[in-house]
Amino acid sequence: MRVYQLAKKLHITSRQLISELHKLKVDVKGHMSSIDDDTAVLVQQELKGKKIVREKKERKKTLKKIQIKLPIMVNGLAIRLGIKPSEILKRLLELNIIGNINKSLSEDVIKLIAREFNYEIEVLPSEEEAVFIEEKDDVSKLTPRSPVVTLMGHVDHGKTSLLDAIRETNITSKEAGQITQHIGAYKVRLNKGQITFLDTPGHEAFTAMRARGANVTDIVVLVVAADEGAKPQTVEAIDHARAAGVPIVVAINKIDLPDANITRVKRQVRSYDLTSEDMGGKTLMVGVSARTKEGIDELLEALLLEAEMLELKANFHRLARGIVIEGKLSAGRGPVATVLVKNGTLHVGDAVISGVYSGKIKSMRDDRGQAVKDAPPSMPVEISGLFGVPEAGDEFIVVKDEKLAKEIAQKRRMKVREKKLGAVARVTLEDIYNQIKEGQLKELKIIIKADVQGSVEVLQDSLEKLSTEEVKLKMIHGGVGGVNESDIMLAAASQAIIIGFHIKRDLALDELIEKEKVDVRFYNVIYEATSDIRAAMEGLLEPGIKKVLVGRAEVREIFRVSRIGTVAGCFVKKGKIVRNLRGQVIRDGDIIYNGSINSLKRFKEDAKEVEEGFECGIGFGDFGDIKAGDMIECYRIEKVTRRL
């Protein structure tokens, strides 16, 4: 419990409570300091004894309600409250906040100060926030819309072929042989409705977009080859779709092959909680052949049936908003973006904001390259007119005023610059306990990658047994093999921790791990993994040491030098190599040596450090088992402070 929360409960000011806490020798620094339950009870008894706390029967004062817009400064708040700025500055000092009359105040601080002066604050959204708040539509204005579908599955199981077959099957006679897919999405027109297909590279793009907050797909079609059955990427696709909360329809492809076995596939995917209707489940499964076009119509009907159960609706008569599927710079048209309209209708001439860019739509093209003037919900179009290229997953919103769009875009660019200065908040073992106590963490999601499937199952069982009333542990994906890019993007999107067991570390992924701020841990003993997570949950995780990569060099030649020993002729590929720092030799993903860099030379001359892009000689003194092709990492040791 926070100081201000207890003060509110006791009907006294934070200043009074802090004063009493100091008398009781309780160390608190301000109104945001935490107080444990035992201390709270003790303080309450002490204050009641002094009759400082007002009785509950005492008539509560009627708070005056006022509305304000953020940002607001001390001077502006003082005017609204009808008091002197010095009164607010005095309260700020009591909260350990130093400022002046031009200091901008946070919403929590504003409400806290206002209550002390008998005011209740209602914070109105700023002009920018108001634009991005989506008002609830009147139910009477909602109309059924087409479903948006993404195909996912194992490589070579026929996703692209199936997409081509679906598109070719639905070409009218006039368009036969002439259709060209101009954008990464297209519409299929049927007698019973329409379906929008997203032509994405698979779950990597799907998850990367979701990591940026984009909820694009309504239904996922899981493509499984009838001759091969479920494969590792099939399982990954299932986990990614489940993590996004998207329903799955299974398309069993290649049923025309002699060794096709539909029943075997149904039994395999059943082990992943996908049970077909003929086996007593609810998952729609359709046998198809991309080569012979068999089952294509049945698959499309199944998708329309699934969409009907989802009751997908949108308001066609409002300002449009949707998601950017992809963006690029066209030589003739400048920045262009493929967008999917989620609600409202998009028109040529509309003023739009997408990411940090704004503009006025000059032209729109549909999936066949034809110019269109309007785009209703679930329709993909390629637009031009933005002043920059937005990222996939960015939301686009139509606003009434082009000038307002420019102002908002400029403010967003400034915010992006500020965010780049700070770190992206992710879940790490070091701050698990803190987040549990704050009530921020209710479910700890884990991705497990191991050398064999048995290890995944044992580790999952061991970790999930650590679940408590405060936080539940849940494995959202498990698989055999090394940690890959897909795992990192899934962890980033789902706020999960990755645990690698008996697998090698891929150096090529270090940059992506650092960029996405994902916590990746490698273990060789199950007890070590369970012990770390249990300690983190109990707030007992020992402050440890952290290796901070300084530079990485590739060994290209080996030299034997008298008095020095073996010297590795290297090329610095990243960062810099610094003499007397720690260094580790990595061969085939395994660390074969760890020690101090005793000698560092540049053209036979001693050097303190060698920068990226230059050659150097590295020596470890008594260690000489270095080979061409090894990687040498230079790092420094930092203590990891546990945040509680």
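**View 1. Gln 584 makes polar contacts with Asn 594 and Glu 633 in this predicted model.** The side chain of Gln 584 meets the side chain of Asn 594 in a polar contact of 3.5 Å. A second polar contact, at 2.9 Å, joins the Gln 584 side chain to that of Glu 633. Gln 584 belongs to strand β25, residues 582-587. Gln 584 is buried, because its relative accessible area of 2% falls under 20%. Asn 594 sits in strand β26, residues 590-596. With a relative accessibility of 29%, Asn 594 is partly exposed. Asn 594 and Glu 633 are 39 residues apart along the chain, and 9.5 Å separates their C-alpha atoms.

**View 2. A network of salt bridges includes Glu 633.** Its members are Arg 505, Asp 510, Arg 552 and Glu 633. Glu 633 is also a polar-contact partner of Gln 584, side chain to side chain.

**View 3. Asp 588 occupies the loop between β25 and β26.** Phi of Asp 588 is positive, near 55°, and the residue is not a glycine. Asp 588 is exposed, at 64% relative accessibility.

**View 4. Asp 273 also has a positive phi.** The value is about 65°, again in a residue that is not a glycine. Asp 273 is placed in the loop that runs between α11 (262-270) and β9 (285-287). Its relative accessibility is 63%, so Asp 273 counts as exposed.

**View 5. Arg 321 and Glu 395 form a salt bridge between two strands.** Their closest N and O atoms are 3.3 Å apart. Arg 321 lies in strand β11 (residues 321-330) and Glu 395 in strand β18 (residues 395-399), so the pair ties together parts that are 74 residues apart in sequence. Arg 321 is buried at 7% relative accessibility. Glu 395 is partly exposed at 32%.

**View 6. A salt bridge joins Glu 382 and Lys 328.** The N to O distance is 4.0 Å. This pair links distant parts of the chain, 54 residues apart: Glu 382 is in strand β17 (residues 380-386) and Lys 328 is in strand β11. Glu 382 is buried, with 7% relative accessibility. Lys 328 is partly exposed, with a relative accessible area of 43%.

**View 7. Arg 91 and Glu 87 pair within helix α5.** Side chains of opposite charge can pair when their charged atoms come close. Here the two side chains meet in a salt bridge of 3.7 Å, N to O. Both residues are in helix α5 (residues 85-94); they are 4 residues apart, so about one helical turn separates them. Arg 91 is buried, with a relative accessible area of 12%. Glu 87 is partly exposed, with 31%. The salt-bridge count for the model comes to 23.

**View 8. Four acidic residues form a negative surface patch.** The patch consists of Glu 294, Asp 297, Glu 298 and Glu 301. Glu 298 is part of helix α12, residues 296-310. Glu 298 is partly exposed, at a relative accessible area of 45%.

How values were computed:
Residues are numbered from 1 along each chain as its sequence is written. This is a predicted model: local features need pLDDT of at least 70, side-chain atom pairs count only at pLDDT 80 or more; totals for chains, interfaces and linings use all residues. Side-chain values use heavy atoms; hydrogens and water are left out. Patches are made of residues with over 30% relative accessible area and no salt bridge: like charges are joined within 9 Å, nonpolar side chains (Val, Leu, Ile, Met, Phe, Trp, Tyr) within 5 Å. Accessible areas come from the Shrake-Rupley method with a 1.4 Å probe; for residues, only the protein chains shown count as cover. The place of a charge is taken as NZ of Lys, CZ of Arg, CG of Asp or CD of Glu. Buried means under 20% relative accessible area, exposed over 50%, partly exposed in between (1.4 Å probe, protein chains only). A polar contact is a pair of N or O atoms within 3.5 Å; within protein, one must be able to donate a hydrogen and the other to accept it, and residues adjacent in sequence count only if both atoms are side-chain atoms.
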